[in-house]
Amino acid sequence: MSPRSLFLAASAFGLMTLQGTVQADVATEALVEPVADYKLYVLDNLDRFVTHTQDFTQAVEAGDLARAQSLYAPTRVYYERIEPIAELFADLDASIDAREDDYEKGVEDPDFTGFHRLEYGLFEQRTTQGFAPYAKRLMADVNDLEARVQGLTFPPATVVGGAAALMEEVAATKVSGEEDRYSHTDLWDFQGNVDGSQKIFELFKPLVIDEDPAFVERVEENFAAVEETLAHYRQDADDPTSGFVSYEQVSDEDRRAFVGPVNLLAEDLSTLRGKLGL
Amino acid sequence: MSDRSDNMPRCPFSLDRRRFLQGLGATGTGIAMAGLSTSAWARSCPADDMPDTDPEVTSAPTSTATTDAYPFHGTHQQGIVTPRPANGMIVACDVLARDRDGLEQLLRTLTERIAFLTRGGTYPQGDPRYPPADSGILGPTIAPDGLTVTVSLGASLFDARFGLADVKPRHLQRMTGFPNDALDPSRCHGDMSLQICAHTHDTTVHALRDILKHTPGGLMVRWKQEGTVPVMSPSDTGPTPSARNYLGFRDGTANPDTADTALMDALVWTGHDSEEPAWTRGGSYQVVRLIRNFVERWDRAPLAEQEAIFGRCKDSGAPLAGGTEYDIPDYSDDPDGQVTPLDAHIRLANPRTPGFEKHRILRRPFNYSNAVEANGQLDMGLLFIVYQADLEAGFITVQKRLNGEPLEEYIKPVGGGYFFTLPGVIDENDFLGRGLLEAAASHA
Ligand code: HEM
């Protein structure tokens with residue numbers, strides 16, 4: 001991938017808006033299949049999310065600190081992938097994934113629950129003591145989420161808009177390392193968001209590629225650039241399923257190397273709804 | 001996120017497709033011209049000219065200066081000898097481009113955006129299912145409003161990434177701390193600085209958002225500081241008095257005369273020194289310093305001490321020896337500092353001794369007021385910006401003379417950086433940094 005084309009994407013941005021306006025609307029029927037496929041993707045990830053949450057919360061309840069710590073990041077990945085859908089349930093999103101900054105009293109706030117409450121216990125206080133109630137609550141919330149998503153009709157605009165929304169997540173909270181400030185497992189979440197965004201893009205790509213092949217090429221290049229930088233920080237560089245090193249080990253230069261492609265993806269993917277007439 | 005696509009309220013509009021397509025053709029191949037294309041959407045929303053009514057509490061503030069425009073093309077960039085408007089900000093960025101081509105693309109995009117923003121015009125209107133072409137905070141048609149955007153490069157841009165080391169301006173360097181500094185790394189340095197100035201604050205914010213929107217893979221903001229200058233009413237009897245800083249003193253009095261082009265060539269514009277790379281001609285060294293003022297403490301200092309610290313009268317701005325603000329301080333009959341202490345700010349900054357002329361600098365500061373410190377004290381101070389032809393002879397020499405001055409008890413420099421302001425963009429075919437890139441190419 002040439003760095004040059006990366007930048008060209010930025011300067012061409014203004015034109016993208018114009019091109020979009022002369023494009024014929026995609027027929028509504030054409031959206032049915034990718035939306036259905038996306039629902040399958042979400043349900044599959046939710047399924048795995050439930051199983052992983054079971055293991056994770058059981059480790060907390062059993063007082064196995066090391067195991068609970070090691071399962072924290074691999075469990076969250078599934079949630080991060082499907083965030084555009086999970087976020088539709090604001091109450092659950094808050095109790096599962098809120099951060100201490102969302103509460104005036106921070107970690108002391110009685111309403112602060114979920115992953116990041118456990119993260120604080122496991123990685124900052126380094127204990128499972130007293131966290132069983134949070135583990136139970138998390139498991140209940142995750143089960144509730146699965147039940148609710150199963151009954152949900154997926155709104156096409158939300159699905160398509162999710163590709164950009166996930167990149168906005170990355171730009172806003174992952175690059176800075178504030179999401180997982182105690183465990184420093186931000187790169188797992190980062191990968192989860194990127195996976196989720198890329199999945200949506202792949203599903204709808206066939207509907208836009210004829211009209212705007214340059215757009216597709218740019219997006220693919222920028223996804224590749226992000227993946228390339230992420231790969232530097234895999235525990236096992238050759239194994240895409242292996243985990244990541246601590247975000248503290250990511251150099252300032254690489255943190256910056258993420259920003260360019262992530263912003264370009266956020267800009268480009270923000271036009272995907274328009275391209276599909278949504 | 002919620003799904004509102006089906007019941008989204010929309011302004012009625014009608015599209016004249018043929019005119020729209022013509023407009024598209026006229027925009028050529030890039031965003032370059034986007035701002036110039038005329039609106040092709042015939043909106044059925046009523047035009048926004050309102051009948052005359054008595055002003056209401058939320059009626060927009062009005063100004064007759066919104067059409068002020070400074071020509072973008074010229075040997076020098078605007079924003080240096082351009083009269084300082086009421087609002088200014090410095091935005092220090094890191095450049096994300098990965099190679100010299102990417103850097104050139106960034107500089108071309110900046111050139112195009114600044115040319116449009118400083119002239120004003122209408123943004124293209126698009127399909128409402130897409131994000132709009134502009135933030136819209138100034139409406140679909142923007143007025144220039146005295147806007148200037150001045151682009152300068154930091155020493156870090158001349159590292160290995162772009163192969164520019166051989167053509168670096170001779171004095172450009174990373175800012176180092178002075179004895180009274182307490183530099184906060186998150187508010188220092190940068191590959192590039194954008195100085196954005198305009199009559200109104202929202203115009204500067206709009207320009208920044210436009211620029212960032214067009215350079216998503218090219219720039220990352222590192223830090224930003226906004227500032228203001230109080231607006232003065234012109235005096236009937238003489239020159240307009242200088243605006244005051246947050247210590248209550250008139251600031252800018254003894255600046256070199258920007259109307260004197262020979263003086264500007266000597267003091268402000270780089271390139272007359274044969275040891276500078278030729279491409280730097282018409283540029284300038286920009287120094288930015290964020291200097292916190294301890295205003296609570298200052299307001300409890302005796303007036304006489306305040307005046308002795310600066311060497312000027314607080315009300316009038318006149319030298320301590322008397323006269324008016326614009327009387328030139330003369331220390332020749334005050335060798336022991338009986339009238340103007342030897343360590344007064346203005347006396348250290350410019351002893352007015354023979355040969356010191358070459359150390360004069362052009363100050364163009366703004367006052368800043370941020371949040372509060374943990375101790376409940378106000379975080380405010382001076383967004384100190386100076387320009388000079390030679391960084392060593394200018395700021396660095398003067399700051400070294402000021403080290404240890406009594407004013408230090410009331411101020412604390414916390415951030416900033418050294419930059420080189422690129423020469424101006426001559427015409428439509430030119431772009432910011434062209435000379436630099438050509439010099440680098442011929443060096444390789
Ligand atoms: C918060 C920091 C500062 C404050 C409040 C301040 C304020 C002032 C004031 C009130 C004057 C007199 C009016 C005028 O001639 O404009 C002045 C003059 C001047 N200041 Fe500062 N200043 C500050 C920092 C600096 C720094 C960092 C430098 C350069 C290193 C500097 C260089 C000068 C110079 C060269 C003059 C003109 C002296 C002359 O030619 O008579 N000042 N400053």
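Predicted model: local features only at pLDDT ≥ 70, side-chain atom pairs only at ≥ 80, totals over all residues.
Let us begin with the inside of the structure. The largest nonpolar core has 82 residues, and the members that touch the most others are Phe56(A), Leu145(A), Phe190(A) and Leu269(A). Helix α3 of chain A, residues 28–61, gives the most to this core, with 11 residues.

Which residues does Leu145(A) contact, if neighbours within four places in sequence are left aside? They are Leu46(A), Phe49(A), Tyr79(A), Ala86(A), Phe89(A), Leu92(A) and Ile96(A). Another core, of 74 residues, lies apart from the largest one, and its members include Leu106(B), Phe158(B), Phe310(B) and Leu437(B).

## Chain B as a whole

Now step back and look at chain B. You can find nine helices and 13 strands in this chain. Of its 444 residues, 50% are buried.

Taking contacts between residues at least 6 apart in sequence, 77% join residues at least 24 apart.

## Around the ligand

The ligand is surrounded by 25 residues, and the closest are Gly252(B), Ala254(B), His345(B), Arg352(B) and Arg363(B). His345(B) itself sits in helix α7 of chain B, residues 345–349.

A side-chain N or O atom of Arg352(B) is 2.7 Å from a ligand oxygen, and for a side-chain N or O atom of Arg363(B) the distance to a ligand oxygen is 2.9 Å. With Thr253(B), it is a backbone N or O atom that lies 3.0 Å from an oxygen of the ligand.

## A buried aspartate in chain A

Our last stop is Asp186(A), in helix α10 of chain A, which covers residues 186–208. Is Asp186(A) buried or exposed? Asp186(A) counts as buried because its relative accessibility is 0%, and the cut-off for buried is under 20%.

What surrounds this residue? Not counting residues up to four places away in sequence, Asp186(A) touches Lys174(A), Gly177(A), Glu178(A), Glu179(A), Asp180(A) and Tyr247(A). With Asp180(A) there is a polar pair: its backbone nitrogen lies 2.9 Å from a polar side-chain atom of Asp186(A). Phe244(A) is 58 residues from Asp186(A) along the chain, yet their C-alpha atoms are separated by 8.7 Å.

Note on methods:
Residues numbered from 1 in each chain as written. Chains lettered and ligands numbered in written order. Heavy atoms only, no water. Core = buried A, V, L, I, M, F, W, Y, C linked by side-chain atoms within 4.5 Å. Buried < 20%, exposed > 50% of the residue type's maximum accessible area, 1.4 Å probe, protein only. Helix = DSSP H or I, 4+ residues; strand = E, 2+ residues; numbered from the N terminus. Contact = heavy atoms within 4.5 Å. Near = heavy atom within 4 Å. Polar contact = N/O pair within 3.5 Å; in protein donor to acceptor, adjacent residues only side chain to side chain.
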